[in-house]
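What stands behind each one?

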Amino acid sequence: MTTNNTELRKEKVETLNELIQATRDSAKFYADAAKAVHNPGLRTLFDQMAESKQGLVGSMSKEVRAEAAEPAADGSLRGKLHQVYSTLRAEMARDDGDYAYVKELEKSEDRLMSAFHDAIQRDDAPKAVKESLLSYLPKVQQHHDAMRDRKWAMEARH
């Protein structure tokens with residue numbers, strides 16, 4: 001294997017592992033939110049989103065293993081700290097705690113989608129890395145749009 005191929009594999013694994021961590025953080029946030037909200041429809045949506053995100057984590061992890069590397073096992077420290085903060089903020093908004101969760105999860109989706117876009121748009125990112133990430137982007141976009149639409153629907157009722 002040439003040094004160029006080794007560098008490409010390393011770049012791909014590092015990028016995927018960063019996104020695995022961020023996606024795992026997001027899945028955990030949805031799972032926790034599903035336990036906290038009062039609205040059964042939101043509970044179901046959040047459970048589905050958590051499960052779908054775990055599917056993304058599984059797919060990206062499989063791709064990392066295909067590169068003979070180990071996928072990230074945990075979420076990121078930053079994500080864990082953000083989750084604690086967001087959960088506290090949502091709990092403090094007792095009057096409309098369900099909306100507070102939707103609002104925070106929508107922000108989380110913005111950050112995750114931005115992380116994917118940033119990695120794809122990097123000038124120094126190899127084509128193979130960009131192609132890999134582009135294959136996950138439709139699902140990431142779908143998650144983002146679902147929470148954005150839910151947030152807008154809830155705002156329209158206020």
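The questions below test the labels used for this predicted model.

Q: What makes up the fold, helices or strands?
A: The protein has 5 helices and 0 strands. From the N terminus on, the elements run α-α-α-α-α.

Q: How many of the 158 residues are buried?
A: Buried residues make up 44% of the 158. Contacts also reach across the sequence. Among those between residues at least 6 apart, 78% join residues at least 24 apart.

Q: Why is valine 129 called buried?
A: Its relative accessibility is 3%. The cut-off for buried is under 20%. Valine 129 therefore counts as buried. Its place is in helix H5.

Q: Which residues does valine 129 contact, leaving aside neighbours within four places in sequence?
A: They are Leu8, Glu11, Lys12 and Thr15.

Q: What makes glycine 97 count as buried or exposed?
A: Its relative accessibility is 13%. Buried means under 20%, so glycine 97 counts as buried. Glycine 97 is found in helix H4. Valine 37 lies 60 residues from glycine 97 in sequence, at 7.0 Å from C-alpha to C-alpha.

Q: Is serine 61 buried or exposed, and how do you know?
A: Serine 61 has a relative accessible area of 5%. With the limit for buried at under 20%, serine 61 is buried. This serine sits in helix H2. Not counting residues up to four places away in sequence, serine 61 touches Ile20 and Pro71.

Q: Why is alanine 68 called exposed?
A: Exposed means over 50% relative accessible area. Alanine 68 has 68% relative accessibility, so alanine 68 counts as exposed. It is found in the loop between H2 and helix H3 (77-92).

Q: Which members of the largest nonpolar core touch the most other members?
A: Leu16, Ile20, Met60, Phe116, Leu133, Tyr136 and Val140 do, out of 19 residues. Helices H1 (3-36), H2 (40-66), H4 (97-121) and H5 (127-156) each supply at least two residues of this core. A second, separate core has 16 residues, including Ala33, Ala34, Met147 and Met154. In soluble globular proteins, nonpolar side chains tend to be buried together.

Q: What does leucine 133 contact, leaving aside neighbours within four places in sequence?
A: Leucine 133 is in contact with Thr15, Leu16, Leu19, Phe116, Ala119 and Ile120.

Q: Why are H2 and H5 called roughly antiparallel?
A: They pack at an angle of about 165°, with their axes 11 Å apart. Angles over 145 degrees count as roughly antiparallel. That makes H2 roughly antiparallel to H5. H2 passes H5 in a left-handed crossing.

Q: Which residues in H2 and H5 meet?
A: On the H2 side they include Leu42, Leu45, Phe46, Met49 and Leu56. Among those in H5 are Tyr136, Val140, His143, Met147 and Met154. By class, the residues of this contact divide into 11 nonpolar, 4 polar and 4 charged.

Q: How do you know that H4 and H5 are roughly antiparallel?
A: Their packing angle is about 155°, with the axes 9 Å apart. The threshold is over 145 degrees. H4 and H5 are therefore roughly antiparallel to each other. Their crossing is left-handed. The contact of H4 with H5 divides into 14 nonpolar, 4 polar and 10 charged residues.

Q: What makes H2 and H4 roughly parallel?
A: H2 and H4 pack at an angle of about 20°, with their axes 12 Å apart. Angles under 35 degrees count as roughly parallel, so H2 is roughly parallel to H4. H2 passes H4 in a left-handed crossing.

Q: Which residues in H2 and H4 meet?
A: Leu42, Phe46, Met49, Lys53 and Met60 in H2 meet a set in H4 that includes Asp98, Tyr101, Leu105 and Phe116.

Notes. Residues numbered from 1 in each chain as written. Predicted model: local features only at pLDDT ≥ 70, side-chain atom pairs only at ≥ 80, totals over all residues. Heavy atoms only, no water. Core = buried A, V, L, I, M, F, W, Y, C linked by side-chain atoms within 4.5 Å. Buried < 20%, exposed > 50% of the residue type's maximum accessible area, 1.4 Å probe, protein only. Helix = DSSP H or I, 4+ residues; strand = E, 2+ residues; numbered from the N terminus. Contact = heavy atoms within 4.5 Å. Axes fitted to C-alpha atoms, helices over the stretch in contact; angles between N-to-C directions. Parallel < 35°, antiparallel > 145°, perpendicular 65-115°, else oblique. Left-handed = near helix turned anticlockwise from the far one by under 90°. Nonpolar A, V, L, I, M, F, W, Y, C, P; charged D, E, K, R; others polar.
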